[in-house]
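This briefing summarises a protein chain for computational work.

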Amino acid sequence: MTVGNHLDVDTHKKIGTRRAGSVLRLGASLALAGGMMVSALSGPAFAADAKGTWARPSGSSQIRIAKCGGSLCGKLVWLRDKGKKDEKNPDASKRGRSLLGVQTVYGMKPSGDDVWKGKVYNAEDGKTYTGKMELVGPNKLKLSGCVLGGLICKGETWNRVN
């Protein structure tokens, strides 16, 4: 109740409690918004899904990455030169086969956030290398082949087809 321009003690306590609750809610809202901004600014967080079909930058081929057991593997699913053979394969019995359908990415297992390690077959030279895949964007996958325990690597970034 009011007496002149003054509030009685009970009314003052009620207003103070409401005001304190509002301040707490405002503080919680600001903390949540701040946390969301920090999360958004702290770097990309991708779906960690490298599965899908990827095109090489040259446009010469497309590779489908899919689950195979407990890892990821990839095989050639489209070639610009449909008649291209696996001519450089170290196994002479495979040199006459079409490259279409050949597995080129083997046993890629998680090795950190958006990173997998395994093996990569390079049909251009017929060699298999230690490989690394890294999702560098939701539609960009960097694939590297390495020698000498990872001291020398060569790679390219593929673009997601679907």
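**Surface patch and barrel architecture**

Val-147, Leu-148, Leu-151 and Ile-152 form a nonpolar surface patch of about 420 Å². The model is predicted. Its protein chain contains one helix and ten strands, and eight of the strands form a closed barrel.

Surface and burial
- Ile-152, a member of the nonpolar patch, belongs to strand E10, which spans residues 152-160.
- Val-147, another patch member, falls within strand E9, which covers residues 140-147.
- The protein chain has an accessible surface of about 10700 Å², and carbon and sulfur atoms contribute 58% of this area.
- Of the 162 residues in the protein chain, 26% are buried.

Fold
- In sequence order, the secondary structure elements read β-β-α-β-β-β-β-β-β-β-β.
- Among contacts in the protein chain with a separation of 6 or more, 36% involve residues 24 or more positions apart.

Strand pairing
- Strand E8, comprising residues 127-137, pairs with strand E9 through seven bridges in the antiparallel sense.
- Within this pairing, Gly-131 has Gly-145 of E9 as its bridge partner.

Note on methods:
Residues numbered from 1 in each chain as written. Predicted model: local features only at pLDDT ≥ 70, side-chain atom pairs only at ≥ 80, totals over all residues. Heavy atoms only, no water. Helix = DSSP H or I, 4+ residues; strand = E, 2+ residues; numbered from the N terminus. Buried < 20%, exposed > 50% of the residue type's maximum accessible area, 1.4 Å probe, protein only. Contact = heavy atoms within 4.5 Å. Areas by Shrake-Rupley, 256 points an atom, 1.4 Å probe, with all protein chains shown as cover. Patch = residues over 30% accessible without salt bridge, like charges linked within 9 Å, V, L, I, M, F, W, Y side chains within 5 Å. Salt bridge = Lys/Arg side-chain N within 4 Å of Asp/Glu carboxyl O. Pairing = 2+ DSSP bridges.
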